[in-house]
Amino acid sequence: MTDIRFYLILFAAAGLFSLLPLGLGDYHLHVMIVSLYYLMMASSWNLLAGYTGQVSFAHAAFAGIGAYTSGILAVEFGVNPWAGVIIGTAAASLLGLGVGVLCLRMGGIYLSLTTLGFSEILRIVITNEYDITRGTMGLQVPGLVEEYSKAAYFYIMLGAAMITLIVLYKLIYSNKGLCFRAVQNDERAAASLGVDVVKVRVLAFTVSSALAGLAGGLYGHYLHLITPEIPSLDQQFLVLSMTVIGGMGSFLGPVIGAFSLEILSEYIRAYGEYHVLVFGLIALVVARFAPNGLMGLAASRLPGGPAPAVTVPSTGKS
Amino acid sequence: MALLEGLRLSKRFGGVTALSEVSFTVEEGTIVGLIGPNGAGKTTLFNLVAGALKPDSGRVVFRGEDITGLSPNIVCRHGIARTFQVTRPFGTMTCLENVAVGVINSPRSESDGNWRATALHYLETVGVEDLAFTEARHLNVVQKKKLEIARALATRPKILMLDEVLGGLNSQEIVQAVDFIRRLRDELHLTVFWIEHVMGAIMKAAEKVIVLDQGQHLMEGTPEQVVADSRVIHAYLGE
């Protein structure tokens, strides 16, 4: 994908999207706003899991850091929500840096467990520090715009999603991105070719956490109510499912996964929290039978896509 | 002049002594073979030089500089490149991208931001340019070994450390490969430090051969001296 093509597609898509508030009612607009939130979450988690192979379970937690930092600043100190979102993003990136450094010597399952622990600690702290966070009741926070309108928040989230995708694109399709993928494939081989594995892993963790913090901060102010649901493991697994089902390690995969799963979940909302279970099962099936997700399936079906992996001897089927 | 020098290098894994006080020198511009029976410590020695393992004692000196215990990526930047005994390609990346990783991280890179042409050049050097846009996991063993050499060359090393690159080749191909490595050395002004089980190849290519046995430096000399040495024959064939 060349730069020009990427920006053309991005701005064309954003242009089409920006027409949506003209035709959609409040409910559908809400679904779109939530989808854009998940797009940011899944895409930035993909940078970590899909491009450097660090399967973190703390991504929703970093969104929570962004949301609560901004929310508490607004409620306790009257900080402007926009400034709060920026500070929340910075806080998430700093904590991401810290957790990233902590997890440096860990790979695979150990990193996953450590981030799982971090996520759980955060949940317990938020639930119990009732005076500051209002626990499970949720923290009521001011909005980002004077006059509440779904359309305004839709444009804000659209803008933030575009920023997220541009940052990720710049990173993934740069020389750094090559190093990311080299590290994901084989750390030892990457190091032997001069790649600073430590720097790559920490950079990915920091950027990815910052983007989660940004998404969480904006989302909290949109909802006007920040609850421990935002940094919950439910949310984490939802983001994971979206990425895996859409196509982990592909740029568009998480975007497609976010929209399709969020929209689908609106249809099966009647079954309550079971939809997370359903998504988990779908993600498992996809991981087993189509490891490259929907994007991988699309690529192998489309004539212009990358050729099917191996030159499999013809079996008569096409 | 000694380009690479190991001074009394030792490495233990738990109770097992993999290397014990091994010293060696690799002279600039030569091809030096490293041989020995299985478990002699050859790959461990490579790992100590390349920074993949830290020695328990001893020093590694490269171009007069102490590089003992530096991380692999720093060692690479000093001008030491290696291949792995069991190849380690970046499977989900194309061959071109595999080589590009070496190009973009080399402080001596000539590519000026355009790594494509440079990476392709190194694929051509080893003769797998037609696989440039194939993901590395689809390569066969021989192609993977060639890719690893291209990747290592792309870092523009002063010394190339090859760990059993001839496995899987037939005798005809081995002759070609030996010619190829010699040509590489001459054209790129390389020094080659080469672990190989295929004795015929090492005997033909190397100016000096170092023999390890059970973690100890057994002897070193010209290929003729080595094959005639009773200790070497004994190490390989037993009583």
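In which helix of chain A is the place of A:F289? A:F289 sits in helix 14 of chain A, residues 274–289, where helices (H or I, at least four residues) and strands (E, at least two) are DSSP runs numbered from the N terminus. Welcome to a predicted model, in which local features need pLDDT of at least 70 and side-chain atom pairs count only at pLDDT 80 or more, while totals for chains, interfaces and linings use all residues. Residues are numbered from 1 along each chain as its sequence is written, and chains are lettered from A and ligands numbered from 1 in the order in which they are written.

**Confidence in chain A**

- Please take care with residues 304–318 of chain A, where pLDDT stays under 50. For this stretch the model has 8 contacts beyond four places in sequence; two residues are in contact if their C-beta atoms, placed from the backbone, lie within 7 Å.

- A:F289 counts as exposed because it has 8 C-beta neighbours inside 10 Å. The cut-offs are 20 or more other C-beta atoms within 10 Å of the residue's own for buried, 12 or fewer for exposed, and partly exposed in between, with C-beta atoms placed from the backbone.
- From A:F289 to A:Y271 there are 18 residues in sequence and 26 Å in space, C-alpha to C-alpha.
- A:H224 belongs to the loop between helix 11 (197–223) and strand 2 (225–226) of chain A, and is partly exposed because it has 15 C-beta neighbours inside 10 Å.
- Although 83 residues separate A:H224 and A:V141 in sequence, their C-alpha atoms are 5.0 Å apart. Beyond its neighbours within four places in sequence, A:H224 is in contact with A:Q140, A:V141 and A:G143.

**The sheet of chain B**

- Chain B has an open sheet of 4 strands in the order 2-1-4-5, with antiparallel pairing; two strands pair if DSSP finds at least two bridges between them.
- Strand 2 and strand 5 (65–66) of chain B are at the edges, and each has a single partner strand, so one side of each is left without a neighbour in the sheet.
- Helix 1 (residues 42–50) of chain B packs on this sheet, touching strand 1, strand 2 and strand 4 of chain B. The direction of helix 1 makes about 115° with that of strand 1 of chain B; axes are lines fitted to C-alpha atoms, for helices over the stretch in contact, and angles run from 0 to 180 degrees between N-to-C directions.
- Strand 1 (residues 2–13) and strand 2 (residues 16–27) of chain B pair antiparallel over 8 bridges, with B:F13 bridged to B:V16 in strand 2.
- These two strands form a hairpin with 2 residues between them, and B:G14 in the turn has a positive phi of about 60°.
- Strand 1 also runs antiparallel to strand 4 (residues 57–62) of chain B, joined by 5 bridges. In strand 4, B:V61 is the bridge partner of B:E5, and B:R59 that of B:L7.

**Where the chains meet**

- In the interface, 25 residues of chain B are in contact with 19 residues of chain A.
- Helix 3 of chain B gives the largest share of chain B's side, 6 residues.

Notes. pLDDT = per-residue confidence, 0-100.
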